[in-house]
Amino acid sequence: MKHPILKMGDARLLRVAENVLEFDTPELHQLIADMFETMKHANGAGLAAPQIGVNLQLVIFGSSEVGRDNPRYPNAAAIPLTVLINPTITPLSEATDDAWEGCLSVPGLRGLVPRWSRLRYQGWNQFGHIIDREVEGFHARVVQHECDHLNGILYPMRIKDLSQFGYTEVLFPELDPNADD
Ligand code: NI
């Protein structure tokens, strides 16, 4: 079942999420199925449970169809479809990159956000199996964006120069207008 996505201004997006304590339960599998349906419908690159009002340390991201371009991020490399629970992120160097981000909870806008370039992320999937990856580039950016949601942080809070924040249709008129966010 598709859920409404909470928008910036909703206090539920500002909470610190709680750990998932039980894996491989019918409730957890249903929640994840709902999140994938919600993300796919919105053409999102990722979704965090708090964005549908569920205050748990759970994010999903990536694309099931390798090579399929997301209309919201037409130049992004494919990321494997991932369920990540109770995550931790460790930067692997001091290096950061600036790139444009959007968010399903901040529809119609994009901002230039600095993120760690390379990182290790660890956590569990829905079956309780360990996930431990070293990634860079857009994959690293998506993980940082989604995990920020678990700490009540939305990307506009990370923008260094607010002149680099604006409406998608103005900043990127070439993007598919149906991919409004
Ligand atoms: Ni977001």
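**Close-up 1. Contacts of isoleucine 60 in the predicted model.** Isoleucine 60 touches Met35, Phe36, Met39, Gly46, Leu47, Thr82, Val83 and Glu146, leaving aside residues up to four places away in sequence; contact means heavy atoms within 4.5 Å. The residue belongs to strand 2 (residues 58-61), strands (E, at least two residues) and helices (H or I, at least four) being DSSP runs numbered from the N terminus. With 0% relative accessibility, isoleucine 60 counts as buried (under 20% relative accessible area, 1.4 Å probe, protein chains only). This is a predicted model in which local features need pLDDT of at least 70 and side-chain atom pairs count only at pLDDT 80 or more, while totals for chains, interfaces and linings use all residues. Residues are numbered from 1 along each chain as its sequence is written, and side-chain values use heavy atoms, with hydrogens and water left out.

Close-up 2. Valine 83 in strand 3 is the bridge partner of isoleucine 60. Strand 3 also runs antiparallel to strand 6 (residues 118-124), joined by five bridges. Arginine 120 in strand 6 stands opposite threonine 90.

Close-up 3. Cys103 (SG), His145 (NE2) and His149 (NE2) lie 2.1 to 2.2 Å from the nickel ion; donors are N, O and S atoms within 2.8 Å of the metal (3.2 Å for Na, K and Ca), and sites may look incomplete because water is not among the atoms. Cysteine 103, at 3% relative accessibility, counts as buried, as does histidine 149 at 1%.

Note on methods. Buried means under 20% relative accessible area, exposed over 50%, partly exposed in between (1.4 Å probe, protein chains only). Two strands pair if DSSP finds at least two bridges between them.
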